[in-house]
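I open the notebook on this entry and write down what I look up, item by item. The model comes next.

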Amino acid sequence: MRHFVIVGVLVAILTPLTYIGLSSAHMMPVEASAQSQIVDQMWNWDMMAVSFLLALIVVPMFYSLIVFRRKKGDTTDAEHVEGNTKLEVTWTIIPLITVLVFAYLGAYTLGETRIADPNAMVIKVRAQQWSWSFEYPDGFTSTDLHLPKDQQVVLKMQSSDVIHSFWVPEFRIKQDVLPGRVTDYRITPDMIGSYKVRCAELCGTSHAYMEANVIVTSQADYKAWVADQVAAAQALAAIPGPNAARGEKIYEQYCRACHSIDGSKGQSPTWRGLYGSTVELNDGSAVVADDAYITESIKQPAAKVVKGFDAMGFNPVNAGVTDAQIADLIAFIQTLK
Ligand code: CUA
């Protein structure tokens with residue numbers, strides 16, 4: 001009995017010490033969304049349970065190692081113990097109840113993070129290897145995610161190729177982005193600042209670099225930014241014919257993740273000096289990079305693969321790039337001497 005009391009006291013001491021130690025490690029980034037508080041509350045409950053379990057395992061283990069170690073010259077066997085129904089029932093019932101309580105808390109927390117505001121703003125998100133783009137309700141697209149503070153937003157997310165995962169650590173919520181199916185990500189940012197979307201699903205070579213800026217601003221700053229974007233998009237759209245500035249926008253949205261424009265080697269050939277050059281292909285032949293070749297390579301990326309590169313799974317046409325946009329892209333490539 002004395003041993004149980006001592007172990008009990010030690011467990012009661014080690015549990016809060018472990019919890020304080022874990023809490024002071026500051027494992028979480030700042031809370032930047034309304035949903036993050038309830039998630040962190042759940043995390044705290046988990047840490048309390050983890051601290052208690054650690055103490056419950058470590059204290060009896062070390063206590064037994066030290067107090068019940070074999071005495072010098074003692075060669076007898078230890079006492080044989082067989083079966084203890086009370087103990088077995090106890091260590092079945094208590095963990096069962098604990099697991100059920102935590103399952104309830106988890107489901108409750110998930111439900112709290114999904115409470116829908118009927119006035120939530122909808123932004124469409126497209127993920128592709130290896131970039132993000134955001135289509136705003138005002139009809140323009142950006143590679144940055146600007147959000148107004150204290151306004152709930154629903155991201156309607158879809159992938160152009162493989163499975164990605166939309167994760168902003170400061171918002172706490174994470175959601176897979178799938179090809180052929182729209183998934184929702186509901187968030188109410190409540191702290192002005194700059195954050196990053198990080199892809200949280202291994203999606204190929206440049207997965208680690210699949211990031212986008214998240215900028216949370218005041219409502220007024222957000223409105224001003226939207227007005228600027230709308231004006232710029234309208235001005236660009238009004239220019240007739242193939243246009244390099246429009247092409248650059250499309251490049252940023254669809255192509256930048258793999259093709260550099262400064263001559264550096266990426267996942268795919270650089271566009272610097274591409275137009276009109278002679279390109280060596282991996283079947284040993286060569287081709288001049290003219291309109292026809294570039295158009296074909298955009299529409300069917302696997303048709304003619306440049307020497308030293310692999311054909312990519314991403315197809316810009318499936319992602320929504322139109323013929324007019326391809327003409328804009330070629331106009332942009334022509335400027336990259
Ligand atoms: Cu997209 Cu990892």
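I take helices (H or I, at least four residues) and strands (E, at least two) as DSSP runs, numbered from the N terminus. The model is predicted, so I keep its limits in mind: local features need pLDDT of at least 70, side-chain atom pairs count only at pLDDT 80 or more, and totals for chains, interfaces and linings use all residues. Residues are numbered from 1 along each chain as its sequence is written, and side-chain values use heavy atoms, with hydrogens and water left out.

**The sheet**

Next I looked up how β1 and β2 run. Strand β1 (residues 121-128) and strand β2 (residues 131-135) are antiparallel and joined by 5 bridges. I count two strands as paired if DSSP finds at least two bridges between them. Both strands belong to an open sheet of 5 strands. I read its order as β3-β2-β1-β5-β8, with mixed pairing. At the edges I find β3 (141-142) and β8 (183-187), each pairing on one side only.

Which bond joins Gln129 and Trp130? I find a cis peptide bond there, with omega about 0°. Trp130 sits in the loop between β1 and β2.

I then noted two positive phi values. His26, a residue other than glycine, has phi near 45°. I place His26 in the loop between α1 (2-23) and α2 (34-67). Asp150, also not a glycine, has phi near 60°. Asp150 lies in the loop between β4 (145-148) and β5 (153-159).

Is His26 buried or exposed? I record it as exposed, because its relative accessibility is 66%. My cut-offs are under 20% relative accessible area for buried, over 50% for exposed, and partly exposed in between (1.4 Å probe, protein chains only).

**Two buried residues**

I turned to Ser206, in the loop between β9 (193-199) and β10 (211-217). Ser206 counts as buried because its relative accessible area is 11%. Which residues does Ser206 contact, leaving aside neighbours within four places in sequence? I find Trp130 and Gln267 (contact means heavy atoms within 4.5 Å).

Ile333 was next, in helix α7 (residues 323-334). Ile333 is buried because its relative accessibility is 1%. Not counting residues up to four places away in sequence, Ile333 touches Trp271, Leu274, Tyr275 and Ile294. I checked the pair Ile333 and Ile294: 39 residues apart in sequence, 9.5 Å apart in space, C-alpha to C-alpha.

**The whole chain**

I counted 7 helices and 12 strands in the protein chain. Its C-alpha trace spans about 90 × 55 × 30 Å along the principal axes. The radius of gyration is 29 Å, whereas a compact globule of 337 residues would have one near 20 Å. That radius is taken over C-alpha atoms, and the globule rule is 2.2 Å times the number of residues to the power 0.38.

Of the 337 residues, 35% count as buried. Among contacts between residues at least 6 apart in sequence, 66% join residues at least 24 apart. The chain exposes about 19,500 Å², with carbon and sulfur atoms supplying 60% of it (Shrake-Rupley method, 1.4 Å probe).

Last, I looked at charge. I have 27 positive and 34 negative side chains, and the centres of the two sets lie 4 Å apart. Lys and Arg count as positive, Asp and Glu as negative; His and the chain ends are not counted. I place each charge at NZ of Lys, CZ of Arg, CG of Asp or CD of Glu.
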